[in-house]
Amino acid sequence: MSTLDLRSADNTGNDPTRRAALVIGHHDYASVTQLVSQLAERSRTPLAWYVAFAVSAAWAGLFFLLIGYLVFTGVGVWGNNRPVGWAFDIVNFVFWVGIGHAGTLISAILFLFRQRWRTSINRAAEAMTVFAVICAAVYPGVHIGRAWLAYWLAPYPNQMQIWPNFRSPLLWDVFAVSTYFTLSLLFWYLGMIPDLATLRDRAQSRLKRFIYGVFALGWRGSARAWHVYETAYLLLAALATPLVLSVHSVVSFDFAVSVLPGWHTTIFPPYFVAGAIFSGFAMVVTLMVPARAWFGLKDLITLRHLENMNKVILATGCMVGYAYGIEFFIAWYGGNPYEQFAFLNRALGPYAWAYWIMVTCNVAVPQLLWMKSWRTTPWKMMIVAILVNVGMWFERFVIIVISLTRDFLPSNWGAYSPTWVDLGMFAGSFGLFFMLFLLFCRWLPMVAMAEVKTVLPHPEN
Amino acid sequence: MPVSEEPLLPNTEPRDELAGVLAQFPNAATLVEAATAVREAGYRRWDCHSPFPVHGIDTAMGTRRTPLPWLVLGAGLGGAMVAMGLQWWTNAFDYPLLISGKPLFSLPANIPVAFELIVLFAGLTAFLGAIVLCGLPRWAHPLLRSRTFRRVTTDGMFISIDATDPKFDVQATPNMLSSLGAVSVELCHEPAHARTIPSLLVWAVVVAGLLALLPPLFIARARATKSDQPRVHLVPDMDFQPKYKPQTASGLWADGRAMRAPVEGTLALGDLQSDDHFWRGKQGDGWAAAFPVPVTDRLMARGRQQFNVFCTPCHGLTGMGDGMISQRALRRSDSAGWVPPLSLHVEEVRKQPAGQVFNTITNGARKMPGYGAQIAAEDRWAIVLYILALQRSQNATLEDVPEAVRPQLR
């Protein structure tokens with residue numbers, strides 16, 4: 001299997017007789033460690049990082065200021081009003097939760113399927129998951145109106161002597177998202193312990209050695225510990241796999257279990273999960289293409305990694321397109337005039353522009369990835385990935401807002417437009433996301449070094 | 001390779017206790033071979049260290065399978081039971097929550113939460129179990145004091161043998177390791193006296209801990225005692241609203257009242273119903289005996305129709321007080337407290353003037369509700385007329401029958 005082209009810069013060949021290298025360049029254990037660790041060890045932070053951090057932190061600050069404004073004033077500062085009770089808040093919640101799914105898919109499902117190319121990208125993708133779920137969880141917390149009573153979501157013994165309704169999808173959502181966040185964080189941290197130990201052992205200053213040492217928990221690479229560790233990692237992957245499929249299914253129940261035309265559809269759970277993976281991979285590509293260039297990780301995050309992700313985007317994009325078609329077919333075939341109207345209204349009604357942005361970005365644009373040059377050229381795939389992100393945001397807008405503007409009674413119809421607070425919070429959540437991601441890039445191991453060492457082409461050199 | 005002299009020199013204080021020996025090996029293959037040899041030599045307290053899991057090391061070391069999967073399985077089953085118990089106890093037992101007539105406890109609706117708790121419990125157990133079974137966290141360890149050992153997380157392969165191992169010998173054990181292909185061998189020491197935490201820090205933690213107890217104590221005291229002060233509103237919600245309530249004062253108006261009198265000439269509902277006879281069944285001080293509307297066949301037919309709609313459920317088609325509602329109520333086993341509707345043919349009712357019957361229909365009597373809001377006044381007079389007809393029909397004498405048909409009744 002190992003041949004001359006094994007370490008060449010282009011490992012995107014499709015010759016089945018040659019196993020493509022997952023790491024290119026002449027790397028051994030020490031150089032992999034050096035390549036990844038030096039990013040976190042730089043004594044002087046580059047100016048570009050400060051600029052990027054300042055911009056994203058400013059937006060994150062705006063996000064929290066607007067949350068404060070919202071809490072002290074009330075949800076009236078948003079554009080939500082009868083009949084559109086759910087708008088940007090829930091659109092952004094579903095958008096961010098969906099983004100997270102790619103990280104868990106890469107870390108858990110591809111691990112179970114022994115797709116070893118995941119090792120170079122899983123750390124950053126898991127970080128993305130944790131940060132995206134943080135952004136997502138803010139929205140349901142503040143959209144309830146009295147944010148200080150958010151703890152009512154939890155079943156706890158109280159003076160009112162009542163309990164949450166366990167047959168409500170909204171309560172299932174509380175359990176699903178909190179479990180998802182907890183498990184994603186544990187999975188991320190467990191995977192990072194050996195690499196934190198690497199940073200501890202390489203640390204030049206006592207302070208860094210102390211801080212990394214605290215989080216490395218005293219990891220010594222013991223073979224007995226590795227045995228337990230690998231078992232635990234496999235178990236967490238096996239648990240996270242059904243979990244990631246369940247989370248967006250439960251999110252889709254928030255809509256599917258109601259009776260609103262456009263929401264009341266049995267296709268929602270698989271359709272939402274496919275869309276989540278679609279948008280999540282697009283976000284991973286959006287983050288990885290610049291990150292591998294700026295941080296010099298092109299040997300570890302190779303073109304083949306990007307191409308594989310683009311193939312996943314293409315496949316899930318087709319699934320999403322199929323779901324769009326099936327929704328229309330069922331509306332016609334089911335013979336329900338309300339549902340038929342709901343879907344015609346999507347495509348031809350006052351928000352048709354949103355619908356067609358969604359179809360263009362999610363169904364038409366990913367078809368470019370059938371062409372190899374679009375799968376393997378960074379700037380081309382960036383265009384596709386960003387447009388997919390745009391399209392997937394509009395998908396949630398189309399489903400949630402358009403359906404709500406037109407329900408059964410024409411006297412109850414209405415329109416929705418966001419206020420500056422809506423738009424500011426949307427942009428602010430991106431600021432929070434990028435701020436956390438920049439902190440991660442600066443201080444933590446961006447690539448799972450211990451795992452990459454197991455997939456080096458020539459381990460013993 | 002001979003044991004390098006330098007690391008063996010006591011590089012720590014002489015009183016330090018010997019903790020074990022550490023040997024570095026050039027690559028994974030040598031490590032596996034050496035591990036096999038160390039195990040066969042009969043050592044018990046020893047370990048291999050590598051930057052990544054080395055293939056085949058578990059067999060070489062004879063590592064037993066970790067019980068972690070069983071712990072995770074147990075935790076998952078526990079999560080399922082906790083979830084089911086929680087949902088049944090809260091929604092079906094402690095506070096039965098009836099929603100759209102659905103069953104109080106049904107598996108399909110309770111699956112999602114059960115699934116999430118299975119995953120949550122199992123995942124937490126997998127993580128915490130792994131940490132504990134790995135012997136972590138252990139921030140201070142003799143191996144971590146070795147500079148050579150810092151390569152273990154980059155590319156170094158090591159074997160460490162604990163000094164407490166029965167077979168450990170300060171000369172023979174390092175020699176054996178170097179004969180197995182170790183590139184370096186060194187002794188590790190436990191410091192004689194561990195570095196202590198500064199007493200200032202200890203006292204700071206103690207004081208902070210005691211101060212942290214104060215808020216819960218105040219809360220506990222507040223909950224256990226009574227006070228005549230209004231309760232503290234941390235979040236006032238909408239308890240205090242800037243608005244005027246009835247009978248409050250306002251500086252906005254000359255008369256100082258928040259409530260405003262109606263504009264001159266305003267008519268309240270009912271102000272136009274001045275005809276006492278028609279609207280209230282009264283003439284002078286007593287009940288009216290006559291009808292305020294012309295008594296016609298049409299009125300009688302209308303009265304019959306309205307009576308059948310509104311009155312028969314309780315009073316029955318003939319006014320005997322045997323309507324369907326009363327019949328059903330009497331059939332029930334718990335009908336002890338049921339008072340049957342009055343028959344319209346008892347003396348007490350029959351002697352009532354038309355105006356009084358009209359008043360009863362309008363405002364109700366005893367447990368009969370008033371129908372003034374549901375039946376128009378003219379229709380109420382029609383019902384009164386029909387009731388008079390019913391009373392006449394049930395209490396007729398021979399004289400009431402036209403003379404021509406009297407012979408047929410005999």
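Of the 410 residues in chain B, 34% are buried. The model is a predicted one. Chain B holds 15 helices and 6 strands. Its radius of gyration is 49 Å, well over the 22 Å that the globule rule gives for 410 residues, so chain B is more spread out than a compact globule.

**Extent and contacts of chain B**

- Along the principal axes, the C-alpha atoms of chain B fill a box of roughly 145 × 70 × 35 Å.
- When contacts in chain B between residues at least 6 apart in sequence are considered, 65% join residues at least 24 apart.

**Surface and charge of chain B**

- Chain B carries 38 positive and 36 negative charges.
- The mean position of the positive charges and that of the negative charges are 7 Å apart in chain B.

**A:Arg304 in chain A**

- A:Arg304 lies in helix H9 of chain A, which covers residues 303-334.
- The residue A:Arg304 is buried yet has no salt bridge.
- A:Glu307 has the nearest side chain of opposite charge to A:Arg304, at 4.9 Å; a salt bridge requires a side-chain nitrogen of Lys or Arg within 4 Å of a carboxyl oxygen of Asp or Glu.
- Leaving aside residues up to four places away in sequence, A:Arg304 touches A:Asn11, A:Thr12, A:Gly13 and A:Ala20.

Definitions and conventions
Residues numbered from 1 in each chain as written. Chains lettered and ligands numbered in written order. Predicted model: local features only at pLDDT ≥ 70, side-chain atom pairs only at ≥ 80, totals over all residues. Heavy atoms only, no water. Helix = DSSP H or I, 4+ residues; strand = E, 2+ residues; numbered from the N terminus. Buried < 20%, exposed > 50% of the residue type's maximum accessible area, 1.4 Å probe, protein only. Lys, Arg positive; Asp, Glu negative; His and termini not counted. Contact = heavy atoms within 4.5 Å. Rg over C-alpha atoms; globule rule 2.2 N^0.38 Å. Charge placed at Lys NZ, Arg CZ, Asp CG, Glu CD.
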